[in-house]
Amino acid sequence: MDLKLTPEQQSFRDEVRVWLGANMPRDWTARVMASADVPRPEAYLLLRDWQRKLHQAGFIGLTWPKEYGGRGLTFMEEVILHEEMALAKAPPVLNILGVGMAGPTIIAYGTEEQKRRYPPKILSGDDIWCQGYSEPNAGSDLASLQTRAVKDGEHFVINGQKVWTSLAHVADWMMLLARTDPDAPRHKGITYFLLDMRAPGVTVKPLRQLTGDAEFNEVFFDNVRVPESQVLGGVNNGWGVGMTTLMYERFALGFGLQVRLRIGLDGLIEMARRLEKHGASITKSPVMRQKIAQLWIDTECLKYTGARAITRLLKGDLPGPEASTGKMGWVDTHQRLQELAMEMQGPYSQLMKGTEWAVEGGLWQYTFLRSRANSIEGGTTEIQKNIIGERVLGLPKG
Amino acid sequence: MDFGFSEEQELLRSTARKFFENECASELVRTMMATPEGTTPEFWAKLAEQGWLGLIFPEAYGGVGLGFVDVVVLMEEMGRASMPGPYFSTVLLGGLAILEAGSEAQKKEWLPKIAAGEAKVALAWTEPSARWDAQGVTLAASASTGGFTLTGTKLFILDAHLADAVVVAARTAQGPSPEEGVSLFLVPRATKGLEVKLLPTMDQTRKLCEVTLTGVSVPAAALLGEKGKGWAPLARVVERATVALCAEMCGGAQRVLDMTTEYAKIRVAFGKPIGAYQGVKHRAADMLVEVENAKSITYYAGWAVDESAPDAALAVSMAKAYVSDAYRRVSAGGIQLHGGIGFTWEHDLHLYFKRAKSSEFTFGDATYHRERVAQLINL
């Protein structure tokens, strides 16, 4: 056990630190001070530029193979990058679904032509990706999805609907799961498509969520023709390919999530120092001190549990039980953090952006509301617990 | 970065697990915990044979010279077995205090004997005030001809009734800060005026004592370390012992989770194994998350004290806060998911549930350590 960095890792850290010092968008912190874990519409252009800059500096796709535009580094460098970005309060990576999920899945399952075509533009942020998995009647029970793809010559014709699709309104491409064989057992008749969002028949309808923003979408497919060359990993083989994506999601988003949690916690502590409640500084209240300390501890636990998972990964071992706990732990900690931000503000927590009485410009109100989705998106907490119970502990299926 | 265990450490783990399964099975735990000693001479000799009584002492003092990450591994396995007896008190409190604060002569005299299983040493630190800070040390040590006279009461002292000597934290002066003026004394158990009373405890695998000193005369040579400067070494001992305790708690929590998972697979209700029901499955998943996080933060604390990392004190408090809550909840969850059988004396769960409780209140509970975390992060 040695948590110190090697000289090479240390110099990579220095490289990142120096670069961030010189290149951070100056107005970012002021615009999104709280832990905005998903880009808000007004930040979209800024984020697109930001990813471009990161890419030009060689900081996107660190773990990807060199021949597909990556740097062939280990997860350790990825962790260092994310930590440094957190320390610098840097904006997130916009094309996270592309970099974290679509790209690695294409590299794992794609034809050589597919591997040459898609990954470079994912890294540069020229192609933004979204994920077409969930449907109105297939959320947690994903295998019951009904969007159909019917073979017609050298094309498949897609009809159906996806929902809760983040970034679809700005995305160029979609990772699409559709049913190609309705007679096969549920998991066997699904195919994974790479879908051009500009293809005729694709309609994106923003879905206004309880935050008031429209960050999710409904996506409708009306006789959308997809060439065969855009099937990934073989016809009727989509379930396995899709699950690989989810595995990458766990690892890739995992680091990012932990980092955003740290940014949020630092912001919360800064706020606690500034605010008074009942005539005394919040940091003087023993109850508040307990709650903040617990969040600090939980955040550190997530970090070190992540470090154990990474260590196994670096040593080439299979993921252990620790690898499956991150999402749940993060959700629970982040939702408590946001609740505590509201508690600290007291009656002021009711005030939204648009009045000077709102604390810190009303940013926490958005992140608080947004955090409610955390235990639903990317696999509900209930599904996570089923997975841990069945796959890690070996308990029988219900 | 490597946040895993070495091959040697994995070997220590598998050796220890096998050893405790064979030599410290539940029947023996129950037999030993029912006696005042909490151990047997034969079992103690076997621990010495394994080298575990001298695990952290340098080879020059008859030990093996390993670090705290190794201690973490061994303690996890001891916790898994719910091992009773004075290992923790002798090696990680009394022994470590001598190693940390003692003179060369004191170390040469005591550490090889401890490592060989020939001597036991307790640490008498806390008092009826149950304070964990320096202000809690009030037992008076007044200068007398050629030495000191000690008078006062120590409480919650682990295994003092078995000890050949007791390290006593006493106050030799009222300094400008409570940390100044604390001195450590190495007092042979047979010294006149030193009385030890064994107390009935909820966790029978932990033996707590009241130690009363009434005009106990000791020579100046009984001082362990420098006069008036005993708080710093004492705090270092407690910091590291706390890591060891956390590791022991992790091992116990993992064992409870294992027992509970196995039971949920075979116990049938309403025509299905109870583990198929989400009410059971989800609580088991919650337990797993807590066990894994508890290990992660404990491993980090073990590494941090070994390396004297700048945030070692913070790491230790984070670990004790998290693990105290986790072991309590996991062991309670284990009883709940077992149902009635989990509430019986016959089932081993209560050994772990009670150990969780005694460990929770040793060296400060979660509330105490969260406040320490708040201070250490400059809140």
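Mentor: Start in chain B, where helix α9 (residues 312-338) packs on helix α10 (residues 349-360) at an angle of about 160 degrees, with their axes 9 Å apart; helices here are DSSP runs of H or I with at least four residues, strands are E runs of at least two, and both are numbered from the N terminus. Axes are lines fitted to C-alpha atoms, for helices over the stretch in contact, with angles running from 0 to 180 degrees between N-to-C directions. That angle makes α9(B) roughly antiparallel to α10(B), a label for angles over 145 degrees, whereas under 35 is roughly parallel, 65 to 115 roughly perpendicular and the rest oblique.

Before going further, note that this is a predicted model, in which local features need pLDDT of at least 70, side-chain atom pairs count only at pLDDT 80 or more, and totals for chains, interfaces and linings use all residues. Residues are numbered from 1 along each chain as its sequence is written, while chains are lettered from A and ligands numbered from 1 in the order in which they are written.

The crossing of α9(B) past α10(B) is left-handed, that is, the near helix is turned anticlockwise from the far one by less than a right angle, clockwise being right-handed. On the α9(B) side the meeting residues include S324(B), Y327(B), R328(B) and H338(B), and on the α10(B) side they include L349(B), Y352(B), F353(B) and E360(B); residues are in contact if their C-beta atoms, placed from the backbone, lie within 7 Å. By class, this contact has 7 nonpolar, 5 polar and 3 charged residues, where Ala, Val, Leu, Ile, Met, Phe, Trp, Tyr, Cys and Pro are nonpolar, Asp, Glu, Lys and Arg charged, and the others, Gly among them, polar.

Widening the view, chain B is assigned domain 1 (7-119), domain 2 (122-228) and domain 3 (232-376), with bounds that come from an automatic or database domain assignment. The centres of domains 1 and 2 of chain B, taken over C-alpha atoms, are separated by 23 Å, and their contact takes 20 residues from domain 1 and 17 residues from domain 2 of chain B. On the domain 1 side, the elements that give two or more residues are α2 (26-33) and α5 (87-101) of chain B, and α5(B) gives the most, with 8 residues.

Chain A, in turn, is divided into domain 1 (7-124), domain 2 (129-236) and domain 3 (241-392). For domains 1 and 2 of chain A, the centres, again taken over C-alpha atoms, lie 26 Å apart, and the contact takes 15 residues from domain 1 and 12 residues from domain 2 of chain A. Helix α5 (residues 96-109) of chain A gives the most to the domain 1 side, with 6 residues.

Note on methods:
Two residues are in contact if their C-beta atoms, placed from the backbone, lie within 7 Å.
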